[in-house]
Amino acid sequence: YYATSADNATTVTLSATLLSAETPAGPYRLYGNASLAATIETPDMEVGWQDFTKGAGVTGGSLVPVVATLRNPGRGYVVGARLTMALPLDQVTINRDAEVLPQWDPWQNAQPTVCNASAELGLVVCAIGDIPPATTVSVVYTGVVANEDIEDVMRLVAQGTTASPDADVANNRAELLLPIRGATFTLDSAATQLTVGFKQDLDVTGFILGAPLPCEQVLNMSLLGLVGLRPVCSVTQPRELTVVLGAGAQLQPGTLAGLAPTVRPRNWRQVDFEHFSGIVVVEGSMVPPTARLAAPAFLGPCQDLKLDASALQVATKAFTVRWSHVAPSSGATDAPLTQFLAAQADVQALVIPADLLSANGRYTFSIVVTDYFGQSDGATSTVTLEAVPPPSVTLDTPALVQSYAYLSTVLSVSAETVACSNTSNATVARSSHLQYHWACLSSPGILHGLNREARRVEVPPYFLVAGQQYSFLVRVTDPETELSAVEVVEVVMQRTDLVARITGSTELAIPLTGILNLNASGSYDPDRRSGGDLMFQWGACYEGKDNPTAISLGGVCQPVPMDPGTNVLPLVLQTDTSKQNAIIIKASEVTPFPTGWWKFAVTVSSDIRSSAAYVFVDFRNTVSEKLKVEVLRTGDTEQHPGDQRLILTAYTETVEASISYQWTVNNSRGVALDLADPLFAPSGAESRSLIISPAILGTLSLLRASVTVTTASGRATGQLVVYINQAPQGGTLTVSVSSVRGGDGQVEQIVQVRANNWLDDSGGLLRYQFFYYSPVLGGLRKAMNDAPQFSNVLTAPAPVVTTIQSVRFEVVVSDMHAATNRAETNATVNPTAVSLDGLTLIEGELLAAFTSSFSVDIGPLLGDYFEQQAAYAAQGNGTRAPLADLPFVDLLGKAANSPAATDESRSALLATIQAMSIDPRVFNTSTGAMTVDIMAQMLGNMSLNFDRLMGGLQTTLNITSNIIAHNQYGGQNRLLAIQVGE
């Protein structure tokens, strides 16, 4: 709906009804409806012109900017708009290619627009249609030129119509008056000078005709920025202004040029004048440039390239020259040449250094010449760079190399290539930059792991197999030209003779009942790294009764195989090991060696090669009287303990290199022991020292050992009888704890330990040593009797404990030959009251020990003191742990000042106190760490060596370590145990 009344607005009501059908054939029923009331605004339209001359007017012969606008400033639509433009036909000429271009702002609101122009009538009619609110339509008429003879104001008229009411119809018509007051801007064809001509005289007030003046006085800022650096301006006559362009001028034909307001007509006060402006045109025609490029068709290696473009032709004074090229291949190092040419801008002749031409083949060089007006022309020249020859390669070895597998094989070449001289355009020989690569054509991969990129390759021994021929190829590449050359080396690996070798002397003397031990394991095949898979054949022959002189020449007899069944040889010289690398033949009195000189030979063979080695043996019917054997055993007791291993060693005085041992051991019944069982004899029966383990000694009462020692000069036997003492067996340990009242009325606990039913094979008396593991001292093992006793019963005070606790007891039973056994049991012990008198008594005993030159072992006394102190503290008499209340400091001081101290003990005590270096009364009562440090210093800094004092201090360290390690008292740290241990 559109408003049709003259009112400002019309109200329109819209209604909508929605119906639905229950079935396709059934009746319709009303489902719902809605309505909307809308207000239609009355539109408005404004017609106007855009003056693109900016008040400067038009000049005869110049284009007239014709742009009319139709604008809708209202909130409603302009309906059916039409725009008509009328031009004065007596002042303008419309070109044939003139056209009308409608433009919408914003472009999103554009509507279909149809414009028709009539050059005969000077009219343009555009059917615009509907124009949305806040939208402007501009109609541009191009191709309108002002006539040359116009002398008056040019009037342009635009009329707009609409099919809808217009709020203000006075805005529907607009006129544009363009003054005819222009100037001509002509640029000469060389683009060096701009001439401005006027149709009327200028106001030359302040100007001196023909004299230079600052261009900023006559040119506007836009034109001033286009005439280059330091242009020259002058008013040559009242109707002409010249501008000589400066360097870097950018003024182009078609540019809208303008002058400063100071350049004005003589009657400028009577007219509405802003400034002169006009379109720059070129005087005459713009002749395009012509490019020419001269270059040689061919260029030799290492020659500089001369390119000449100086024959080019350019009409304008200012122009540019740009160089480019295309290399022969993409693989060439082209970046330096590209950078060089880029730096030669505007150079018409240049020389390209030879080192920039990195590739052989055809180079294409191009030049592009661009004049001041942007017109261009190009020229191209092709230059063929003659190829540089590939590297010259010479073998350093013969073309056919003969080598051996056990030697290194050297592959080497010398090479050089043509390069350019740094001082002249000539070629020189170079080699340091060349690249090498070796390969084996016949066995690819055989050079893996070697430096195949070197001029000289050394193939290690055994890389190449004997008996084969290899073809090696080396490729030498010049990385600068990518040219390469190859050479081939043939290597023939010669076979070598096998090496047969028998260890030892070539002449031996062996008793008739001795041992023949010949070893050829040192034989090898030089062609193989591991010595090769060799086959052996031992042989022998009789050379004679005496040592013939022929032996020095290798003997005269021919050995025959020593294989079993060879009837030519004595039976003793026939062995089933004749095809092994060693033979060992043991002769005896039953089968002795044959008397005289015998030649023994080993023949080693592999593929078709074989080699032999010889040794001459003189079998003699003699026994060396110098060879004596003595058998010694370990231990210093009369009988060897059955629970300890037995080591028997054979001792001889011989210095011969070849010596062998053979042990036999029999029990009391003459039965031989199995010495081949490693459980019984770990070292075997053929070692110098025979080791017999307790696994078999525990079943014996004695053994008879015999060893036979055989050397090249003879043999001898040694024997030894060893009695075996078995440890006590079958006993137990019992402990009973009871309470008794002492003479002072105090109740004490005592323990009775009893070793029951212990038996021993010696039938002698047994000795018993009793121990308990003190809970107070961190499980420290303490002796209950000072030394082993013959009585199997011991009654003693119960171990000191601070709470009801189970204590571990132990007995060590030993017989008269030092064989020992042990038994353990546990018993529960109650806390025992400890008095201060008891502590004082023990302290007195320690004091006496210190003042008697340490003649008494203070270790047990210290253990007793620590236990008593712990129990005393547990009764609530003190809070310090025994670790923090060691008696050394006070006791040492008292002992040193005691009248009973000897000079010797007093010196030692004073030296000890001096060595401590820390105030002994400053103890860390929570951890005992400083106490440990002090004891360590006492042990390490003792100036005098007294074994018993040292033993007492060491005992204290052991006690301290146990207490800390078992975290016996609160506050102790296990790290202290580590410190004590270190």
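Q: What does Val 66 touch, not counting residues up to four places away in sequence?
A: Val 66 touches Trp 49, Met 85, Leu 87, Val 139, Val 140, Tyr 141, Val 144 and Leu 156. Each counts as a contact because contact means heavy atoms within 4.5 Å. This is a predicted model, in which local features need pLDDT of at least 70, side-chain atom pairs count only at pLDDT 80 or more, and totals for chains, interfaces and linings use all residues. Residues are numbered from 1 along each chain as its sequence is written, and side-chain values use heavy atoms, with hydrogens and water left out.

Q: What makes a residue part of the largest nonpolar core, and which members touch the most others?
A: A nonpolar core is a set of buried Ala, Val, Leu, Ile, Met, Phe, Trp, Tyr and Cys residues joined through side-chain atoms within 4.5 Å. Buried means under 20% relative accessible area, exposed over 50%, and partly exposed in between (1.4 Å probe, protein chains only). The largest core has 34 residues, of which Trp 49, Val 66, Met 85, Ile 128, Tyr 141 and Met 154 touch the most other members. Elements that give two or more residues to this core include strands E3 (46–49), E4 (66–72), E5 (78–86) and E9 (135–146). The largest share, 5 residues, comes from E9. Another core, of 30 residues, lies apart from this one and has Val 227, Val 235, Ala 257 and Phe 373 among its members. In soluble globular proteins, nonpolar side chains tend to be buried together.

Q: What makes a run of residues a helix or a strand, and how many of each does the protein chain have?
A: Helices (H or I, at least four residues) and strands (E, at least two) are DSSP runs, numbered from the N terminus. By that rule the protein chain has 10 helices and 53 strands. Of its 982 residues, 42% count as buried.

Q: Why are E3 and E6 called edge strands?
A: The open sheet of 4 strands has the order E3-E4-E9-E6, with antiparallel pairing. E3 and E6 each pair on one side only. The twist from one strand to the next averages 15°. Axes here are lines fitted to C-alpha atoms, for helices over the stretch in contact, and angles run from 0 to 180 degrees between N-to-C directions.

Q: Why do E7 and E11 stand at the edges of their sheet?
A: This open sheet of 5 strands has the order E7-E8-E5-E10-E11, with antiparallel pairing. Strand E7 (114–118) and E11 each have a single partner strand, so one side of each is left without a neighbour in the sheet. Within it, 5 bridges join E5 to E10, and Arg 82 stands opposite Thr 161 in E10.

Q: Which way do E33 and E38 run against E39?
A: E33 (residues 507–511) runs parallel to E39 (residues 609–620), with 5 bridges. E38 (residues 596–606) runs antiparallel to E39, with 11 bridges. E38 and E39 form a hairpin with 2 residues between them, and Asp 607 in the turn has a positive phi of about 45°.

Q: Why are the buried residues of H2 said to lie on the same side?
A: In helix H2 (residues 335–342), Leu 337, Phe 340 and Leu 341 are buried. They cover an arc of only 95° around the axis, which puts them on the same side of H2. The arc is that of the directions from the helix axis to the C-beta atoms. On the other side of H2, Gln 339 and Ala 342 are exposed.

Q: Why is Asp 525 called buried?
A: Its relative accessible area is 0%, and the cut-off is under 20%, so Asp 525 qualifies. A polar contact of 2.7 Å joins its side chain to that of Arg 609. A polar contact is a pair of N or O atoms within 3.5 Å; within protein, one must be able to donate a hydrogen and the other to accept it, and residues adjacent in sequence count only if both atoms are side-chain atoms.

Q: Why does Ser 605 count as buried?
A: Ser 605 has a relative accessible area of 19%, which is under 20%, so the term applies. Ser 605 is found in strand E38. Leaving aside neighbours within four places in sequence, Ser 605 is in contact with Leu 498, Asp 533, Leu 534, Met 535 and Ser 610.

Terms used. Pairing = 2+ DSSP bridges.
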